[in-house]
Amino acid sequence: MATLQPVRGTHDLLPEQCRRHRAVEERCRLVAERFGYAEVATPIFEFTEVFARTLGDTSDVVTKEMYTFEDRGGEGITLRPEGTAGVARAFISNGLQQSLPLKVFYRGPMFRYERPQKGRQRQFHQVGVELLGVEAPLADVEVIALGARFLDALGLKGRVTLEINTLGDQESREAYRTALVDYLRGHMDRLSEDSKARLERNPLRVLDSKDEADREIVRDAPVFTDYLNEHSRTFFDTVLKGLDQLGIDYVHNTRLVRGLDYYSHTAFEFTTTELGAQGTVLAGGRYDGLIKTMGGPPTPGIGWAAGVERLALLVEDVEPFARPIAIVPLGEQAEARALTLADDLRRAEFTVDMGYTGNMKKRMQRANKVGARAAVILGEDELAKGEALVRDLDSGEQTPVPLGDLEAALGRFR
């Protein structure tokens with residue numbers, strides 16, 4: 001029988017990877033809470049329409065990457081490829097219009113069928129934030145600042161670059177769309193088949209093409225900022241001034257876009273050069289038309305999502321595992337007493353590792369293997385005296401301690 005392996009594009013998170021993931025997620029949660037964002041959790045799968053309607057039927061995610069199936073009731077179900085659509089659906093279905101402005105943080109696994117690479121898996125994890133109900137550019141500044149402070153908290157200050165652009169309002173987008181389509185039609189013979197299909201329905205997606213011939217054409221395409229109306233220019237200037245006021249550095253990338261019609265105004269990414277081709281670690285934008293597109297009331301929104309796997313590869317300062325106290329009982333009576341002793345110490349908030357079997361040598365080897373800070377040795381002689389031997393496993397110093405004083409004596413090893 002062949003050895004069982006995880007499905008391609010998935011991987012097990014062993015204790016060290018879990019520790020790094022937890023560091024990323026918890027720091028995001030702490031920073032988000034400081035900004036007033038509360039945690040929410042949406043289902044890991046939704047009706048396919050939730051994503052097909054929001055991500056666009058010409059997007060790579062919908063046409064190539066979604067894990068979609070029919071359940072036993074004949075419903076079309078999709079494992080979530082991203083988090084924003086689920087949050088927007090939750091806003092509508094839970095009638096949260098009276099809770100605006102709504103500020104939420106989320107975390108969890110996402111699923112996309114794509115070629116696995118470093119920092120990119122078919123089951124991956126994201127953290128993200130969404131701010132619903134605020135039209136003012138101050139919301140954009142706050143959401144970007146939250147992302148910047150989160151990355152700072154991970155020790156990435158100076159190792160990531162904020163790239164930002166404006167997509168303007170609907171009027172500006174229509175003007176740019178017309179100019180872009182006119183330009184691209186002049187290069188139809190050189191466009192990839194995917195870009196030809198997108199030209200009429202979603203031409204901004206061509207700007208995201210990974211095809212080299214498309215990229216060559218796009219280099220000379222019209223620039224979005226040349227088609228902004230006065231309102232859009234003022235909105236973007238206000239966002240940039242807010243970032244300047246907070247001391248957040250940025251690069252204005254005029255080619256940075258979001259291809260769907262419900263996106264507007266601010267689009268941004270935090271990128272790094274330390275992960276090769278997978279350089280984007282956090283990305284987001286304003287999506288004022290999304291909730292209306294899903295059948296809800298017109299509700300402005302802005303948010304971002306960050307890949308936990310990619311950030312875990314970058315994080316250096318991760319809190320180490322707590323070094324436990326090892327309980328080393330010798331003999332049946334000592335083992336029975338050690339069981340309650342370990343429970344008492346855990347109730348006192350010590351991390352405790354119990355040696356279950358073996359002689360003194362094997363149990364001490366176990367203590368060293370788990371990185372124990374100290375060992376509490378309990379044999380028949382110690383039990384008769386009502387004490388235990390406490391051995392400092394760093395210095396080798398060993399001291400008899402009455403059992404009633406054990407918690408106080410172990411305090412220095414926390």
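Which residue with a positive phi follows helix 12? The residue is E349, with phi near 75°; the points below place E349 and other features in the model.

1. Basis of the note. The model is predicted, so local features are reported only at pLDDT of at least 70 and side-chain atom pairs only at pLDDT 80 or more, whereas totals for chains, interfaces and linings use all residues. Residues are numbered from 1 along each chain as its sequence is written, and side-chain values use heavy atoms, with hydrogens and water left out.

2. Helices (H or I, at least four residues) and strands (E, at least two) are DSSP runs, numbered from the N terminus. Helix 12 (332-347) has 16 residues and reaches 23 Å from its first C-alpha to its last, close to the 22 Å expected at 1.5 Å a residue; the expected span is 1.5 Å times one less than the number of residues. E349 is found in the loop between helix 12 and strand 13 (352-354). Its phi is positive although E349 is a residue other than glycine. E349 counts as exposed because its relative accessible area is 68% (buried means under 20% relative accessible area, exposed over 50%, partly exposed in between, with a 1.4 Å probe and protein chains only).

3. Surroundings of helix 12. The buried residues in helix 12 are A334, A338, L341, A342 and L345. They pack against strand 12 (325-329), strand 13, strand 14 (374-378), helix 14 (380-385) and helix 15 (406-410); contact means heavy atoms within 4.5 Å.

4. Helix 9. Helix 9 (residues 230-245) has 16 residues and spans 22 Å from its first C-alpha to its last, close to the expected 22 Å. Its buried residues are S232, F235, F236, V239, L240, G242 and L243. Seen down the axis of helix 9, these buried residues fall within an arc of 155°, so they line one face of the helix; the arc is that of the directions from the helix axis to the C-beta atoms. E230, K241 and Q245 are exposed on the other side of helix 9. The cover over the buried residues includes helix 5, strand 7 (161-166), helix 6 (170-185), strand 8 (251-252), strand 9 (264-271) and strand 10 (280-286). Just after helix 9, G247 takes a positive phi of about 70°.

5. L151 in helix 5. L151 is placed in helix 5 (residues 137-153). L151 counts as buried because its relative accessibility is 1%. Leaving aside neighbours within four places in sequence, L151 is in contact with L156, K157, V160, F270, L282 and L311. L151 and T234 are 83 residues apart in sequence and 28 Å apart in space, C-alpha to C-alpha.

6. An open sheet of 8 strands has the order 1-5-6-11-10-9-7-8, with mixed pairing. Strand 1 (38-39) and strand 8 stand at the edges, each with a single partner strand, so one side of each is left without a neighbour in the sheet. Two strands pair if DSSP finds at least two bridges between them. Strand 7 and strand 9 pair in the antiparallel sense over 6 bridges, and N165 stands opposite A267 in strand 9.

7. Helices on the sheet. Helix 1 (residues 15-34) lies across strand 1, strand 5 (102-111), strand 6 (123-132) and strand 11 (301-307), running at about 165° to strand 5. Helix 4 (residues 84-93) packs on the sheet and touches strand 5 and strand 6, its direction making about 130° with that of strand 5. Axes are lines fitted to C-alpha atoms, for helices over the stretch in contact, and angles run from 0 to 180 degrees between N-to-C directions.

8. A283 in strand 10. A283 lies in strand 10 and counts as partly exposed because its relative accessibility is 23%. Apart from neighbours within four places in sequence, A283 is in contact with R258, F268, E269, W304 and A305. A283 and V318 are 35 residues apart in sequence and 23 Å apart in space, C-alpha to C-alpha.

9. Backbone points to inspect. A cis peptide bond joins L100 and P101, with omega about -5°; P101 is found in the loop between helix 4 and strand 5. H265 is found in strand 9 and has a positive phi of about 55° although it is not a glycine. H265 counts as buried because its relative accessibility is 4%.
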